[in-house]
Amino acid sequence: MRPGATARLAGAGMGLDLPLILKEAGLTALVVFALALPLFGFRTVDSAGGLDVAYRFDWVAAAVAVAFVGRALLVAMRTLGGAQRARPGEGLLARAGRAFYRHTTWIGAAAVAFAVLLPLLPFADRYVIDIASYFLIYVMLGWGLNVVVGLAGLLDLGYVAFYAVGAYSYALASLHLGLSFWWSLPLAGALAAGFGILLGFPVLRLRGDYLAIVTLGFGEIIRIILVNWYSFTNGPNGISGIARPSFFGLAFSRSPGPGEVAFHEFFGLDYAPVHRIAFLYYLILGLALVTNLFTLRIRRLPVGRAWEALREDEIACRSLGLNPTNIKLSAFAIGAMFAGFAGSFFATRQGFISPESFTFIESALILSIVVLGGMGSQIGVVIAAFAIVVLPEWFREFQQYRMLVFGAAMVMIMVWRPRGLIAHRDPTVRLHAGGEAGR
Amino acid sequence: MEYFIQQLINGMTLGAIYGLIAIGYTMVYGIIGMINFAHGEVYMIGAFIALIAFILLAKLGLATIPLVLLLVLLVSMGLTAVYGWTVERIAYRPLRGSFRLAPLISAIGMSIALQNYVQVLQGARVKPLQPVIAGGFKLIESSAFTVTLSYLQIVIVVLTLALMAGFSLLIARTPLGRAQRACEQDRVMAALVGVDVDRTISLTFVMGAALAAVAGVMVTLYYGVIDFFIGFLAGIKAFTAAVLGGIGSLPGAMLGGLLIGLVETFWSAYFTIEYKDVAAFAILVLVLIFRPTGLLGRPEVEKV
């Protein structure tokens, strides 16, 4: 808010300053009118003689009216309630967040127990388990990116590139080399980590925002190569018929090929397609939990602490003798490795991959999960992934507004709660005994 | 040879468009030290407003081309400037003094939101426009290849040069330009000596958006098709141009834009058109590694 307005609001005290309200509301309405007139008021439509426009002035009127009334109410409320705004950290959400964090261990344990039992619960049909494993992919990606963005403070906008590397390395390895999922998994992780280091080297010297743009460029380069390197990646058509994983050599199919034993035959069960879906679910649950455990433990190690130190102050880090090169590269490599694992899983779950799945929007999606979750908070990522991946499934008819809401939510989170929805960012390790211990 | 000259002309036209967008990045970066990630989207909105204005004027039966062009430019610049102002007001101003990555993340959110806002309102289809300015000179006529310089290309380059000159004067001579340069050097000190910093920053966004709108008008005329996604790539290329020229430098942005336009055109003409976007990204990475200050930029000293 402008300083002048603040002073006048404070001076107005408890009374309603009608001229001020009208002026503020009028100005807002004017701006909204200018914004809405070209894009709300006219809609381009195809017609016989080229492009034509249709009129929608009622939309403009509605937008202006909403803006006027909304702004007037806002100003009136602020005048009545005094000009003081709640200081950050004093709000209900923040207190809820703190309480939440005191009990993270229990909440985490309960969540894991629920996740393990989910396929056995009565309401868990094929669809629910499928969505749950889709959700867990994003949780895992969020946890992986959290290492880079949340812990090391390096804004990576090309994270999806490593996800793509993982997916394609499994798809191609199984297609050309006949490697099984379990052999490809470490390969995919190693390749993705290699790409992470490859990207890391040139960008090490860059500051936060330059780094972001270069990583974005890197992600796009990978995607453009995937689209155009037809002989290797099959271009925009993608790769289909990717081998499904087996349960220690037991295939999930009704009629296994010669020399194979099917899962249901071995255990003497009736064949059910839900077996494979449940197996995939447990697979990604395991992978995600490994990611989480790994991150939680590595935060206590010197390298993990160095990440957080680097995030807070690079110059101080340098002057304490830490080597930013190695620290950043390790963050990039480890984050990329998890994306590689998740990519392999994605390929085997879908059975089909194409460059379409690895666009910038996907990177932005994963980033917004980390940001919403509070950058650095593990459980925050789970909640944010739920909000971003699962909730839209319930509102499928609003599909086209989904990204619009994402974008707006990212802005609003940054403006109101830059530390995330319920998160607070503390160093993992504290010097004083009085502080909260690591979580 | 003729082919080369033709590519040179095309590349310079494209470069002029990139340069105009790059100025918006460079001015904002100079004054508040952040990448306005949503600037590409502001340019896209400028292009849409221009498209709608062209169609409306054609429906009204206005056929005097210079008048149409002038009106569309004014309308698009004015309305897009309101978008630029609003973006700053909503997404960036509340974040001054927040942590380092906050404005950038907010900018990415703004960019996604604006893109989908236009998609929801105007549809995802590619929007074609009938050529408004047609015709041109035939510079060299040979049996193999004819080099043409279209009137539109002349308009684009001349308009860009005029705007460049105008804005350089504005920055160098007017009180507003002085305030901008003061804010660029030291915002707190500028505020102490009576510069309204918030207003100056707002006006910087307004100016950047107006120039992006001009680029939007030009691209609508030049390619004749736009969609809601054009801001993404153009934004990145213009940002590359700004970095290449030296971020914070106005002539640098123009030079960088020209170079990027030329590289892209020649790359598509002589190598492969599929990888032309990789060229821009590769330049960005190389410049940032080997010459982070760009061609005309000042070295930046990081303070504690």
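Visitor: Is A:Val148 buried or exposed?
Guide: A:Val148 is buried, because 29 other C-beta atoms lie within 10 Å. The cut-offs are 20 or more such neighbours for buried, 12 or fewer for exposed, and partly exposed in between, with C-beta atoms placed from the backbone. This is a predicted model, where local features need pLDDT of at least 70 and side-chain atom pairs count only at pLDDT 80 or more, while totals for chains, interfaces and linings use all residues. Residues are numbered from 1 along each chain as its sequence is written, and chains are lettered from A and ligands numbered from 1 in the order in which they are written.

Visitor: Where does A:Val148 lie?
Guide: A:Val148 belongs to helix H6 of chain A, residues 126-151. Helices (H or I, at least four residues) and strands (E, at least two) are DSSP runs, numbered from the N terminus.

Visitor: And which residues does A:Val148 touch?
Guide: Leaving out residues up to four places away in sequence, A:Val148 touches A:Leu154, A:Asp156, A:Ala331, A:Phe332 and A:Gly335. Contact here means that the C-beta atoms, placed from the backbone, lie within 7 Å. As for A:Tyr159, its C-alpha is 9.4 Å from that of A:Val148, and the two are eleven residues apart in sequence.

Visitor: Let's zoom out. How many helices and strands does chain A have?
Guide: Chain A comes to 18 helices and six strands. Of its 439 residues, 41% count as buried. Among its contacts between residues at least 6 apart in sequence, 76% join residues at least 24 apart.

Visitor: How is chain A divided into domains?
Guide: Domain 1 covers 3-80 and domain 2 covers 92-416, with bounds from an automatic or database domain assignment. Taken over C-alpha atoms, the centres of the two domains are 41 Å apart.

Visitor: What about A:Asn234, where is its place?
Guide: A:Asn234 sits in the loop between helix H10 (230-233) and strand E3 (239-240) of chain A. Its phi is near 65°, a positive value in a residue other than glycine. A:Asn234 is partly exposed, because 19 other C-beta atoms lie within 10 Å.

Visitor: On to chain B. How many of its residues are in contact with chain A?
Guide: 51 residues of chain B are in contact with 42 residues of chain A. On the chain B side, the largest share, 15 residues, comes from H4(B). By class, that side has 40 nonpolar, seven polar and four charged residues. Ala, Val, Leu, Ile, Met, Phe, Trp, Tyr, Cys and Pro count as nonpolar, Asp, Glu, Lys and Arg as charged, and the others, Gly among them, as polar.

Visitor: At what angle do helix H1 and helix H5 of chain B pack?
Guide: H1 (residues 2-32) and H5 (residues 151-173) of chain B pack at about 40°, with their axes 9 Å apart. Axes are lines fitted to C-alpha atoms, for helices over the stretch in contact, and angles run from 0 to 180 degrees between N-to-C directions. H1(B) and H5(B) are therefore oblique to each other; angles under 35 degrees count as roughly parallel, over 145 as roughly antiparallel, 65 to 115 as roughly perpendicular and the rest as oblique. By class, their contact has eight nonpolar, four polar and no charged residues.

Visitor: And how do H3(B) and H8(B) cross?
Guide: Their axes come within 7 Å and cross at roughly 140°, so H3(B) and H8(B) are oblique to each other. The contact of H3(B) with H8(B) has 16 nonpolar, six polar and one charged residues.

Terms used
Contact = placed C-beta atoms within 7 Å.
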